[in-house]
Amino acid sequence: MDILEEIVAHKRVEIAERQRYVPLQQFVGEVQRMVDEGRPASMREALMQSPTGIIAEFKRKSPSKGWIHRDARVEDVTPVYQANGASALSILTDTAYFGGYDEFIQRSRAAGVTIPILYKNFVITDYQLFQARFCGASAVLLIAATLTKEECRHLQQMAHALGLETLLEMHNERDFDYADLEPDMYGINNRNLGTFVTDVENSFRLASRLPDGVCKVSESGISQPETVRRLRQAGFRGFLMGEHFMKAEQPGEALKQFIEAL
């Protein structure tokens, strides 16, 4: 069993247990009220209109690196990300492997964050989509490697019904069978989720496989402004960066310096 298989197996147990204590019915009414009030700010539009396209990630921990910034407080970091030019945010909400919580998105919104927020987790059930909408996310990550194509199609349709956009994450040739599902954003993950080895060249290799005119997002392993410039030339409009900022004492300041260098 590789790391991704282990995480997904744990996620199924975790969700089943959570549903026993917090049934969907407890928050479906509030989610419906939120849906009736309108959609959150569009992450796709924010990236397509941005001159930088930086998706700044709040990520305290990872399976491969352990704790990156254990004491970071989301209500301190994410408003500064916004103030210093992030086009959107990504917030890890997986607890066991990434030290995250749904409440991190709620606390970001309470701290004044208004830009789009990606619910970054291993989404495999409708229940998680309701969780994402309930806590204030704008979009959800769907990982091709963890879903059948029909499961992915269903989750995308449900996400859209709840007013959420989708970022479909692909990593290799097999995953590109999912591209015709037409997600709001097409992500290429430079990190192999089975081994956690990262290679930014993956985005360059696979960019031509994506349709023209869509919102392309390069994820993971980006640490140099020159890499972002090259990726933009290759057609990417979103650049998901977490570890590079989060390993700094002041992640928001690290973002500011990166954007200034762009």
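When I call a residue buried I mean under 20% relative accessible area, exposed means over 50%, and partly exposed is what lies in between, computed with a 1.4 Å probe on protein chains only. Arginine 229, at a relative accessible area of 33%, is therefore partly exposed. What we are looking at is a predicted model, in which local features need pLDDT of at least 70 and side-chain atom pairs count only at pLDDT 80 or more, while totals for chains, interfaces and linings use all residues. Residues are numbered from 1 along each chain as its sequence is written, and side-chain values use heavy atoms, with hydrogens and water left out.

Let me stay with arginine 229 for a moment. Arginine 229 belongs to helix α9, residues 225-233, where helices are DSSP runs of H or I with at least four residues, strands are runs of E with at least two, and both are numbered from the N terminus. Setting aside residues up to four places away in sequence, arginine 229 touches Ala261 and Leu262, contact meaning heavy atoms within 4.5 Å. From tryptophan 67, arginine 229 is separated by 162 residues in sequence and by 29 Å in space, C-alpha to C-alpha.

Threonine 52 is buried, at a relative accessible area of 11%, and, leaving aside neighbours within four places in sequence, its contacts are Gly85, Ser87, Val228, Arg232, Phe239, Ile259 and Leu262.

Tyr81 takes us to helix α4, residues 74-83, whose buried residues are Val74, Val77, Thr78 and Tyr81. Seen down the axis of α4, these buried residues fall within an arc of 90°, so they line one face of the helix; the arc is that of the directions from the helix axis to the C-beta atoms. As a reminder, an α-helix has 3.6 residues a turn, so residues three or four places apart point the same way. The cover over the buried residues of α4 includes β1 (54-58), β4 (88-92), α5 (103-110), α10 and α11. Just after α4, glycine 85 takes a positive phi of about 110°.

Next, the aromatic rings. Rings of Phe, Tyr and Trp (its six-membered ring) pair if their centres lie within 6.5 Å, with planes under 30 degrees apart counted as stacked, over 60 as edge-to-face and the rest as tilted. By this rule there are 7 aromatic pairs. In one of them, tyrosine 101 and phenylalanine 104 have ring centres 5.5 Å apart and planes at 75°, so the pair is edge-to-face. Tyrosine 101 is partly exposed at 37% relative accessibility, whereas phenylalanine 104 is buried at 6%. Phenylalanine 245 and phenylalanine 258 also form an edge-to-face pair, because their ring centres are 5.9 Å apart and their planes stand at 80°. Phenylalanine 245 lies in α10 (residues 243-246) and phenylalanine 258 in α11 (residues 251-261), so this pair ties together parts that are 13 residues apart in sequence. Both phenylalanine 245 and phenylalanine 258 are buried. Elsewhere, ring pairs link Phe27, Tyr127 and Phe134 into a cluster.

Glutamate 182, with phi of about 55°, has its place in the loop between β7 (165-170) and β8 (185-189), and is exposed at a relative accessible area of 59%. Serine 220, with phi near 80°, is in the loop between β9 (216-219) and α9, and counts as buried at 12% relative accessibility.
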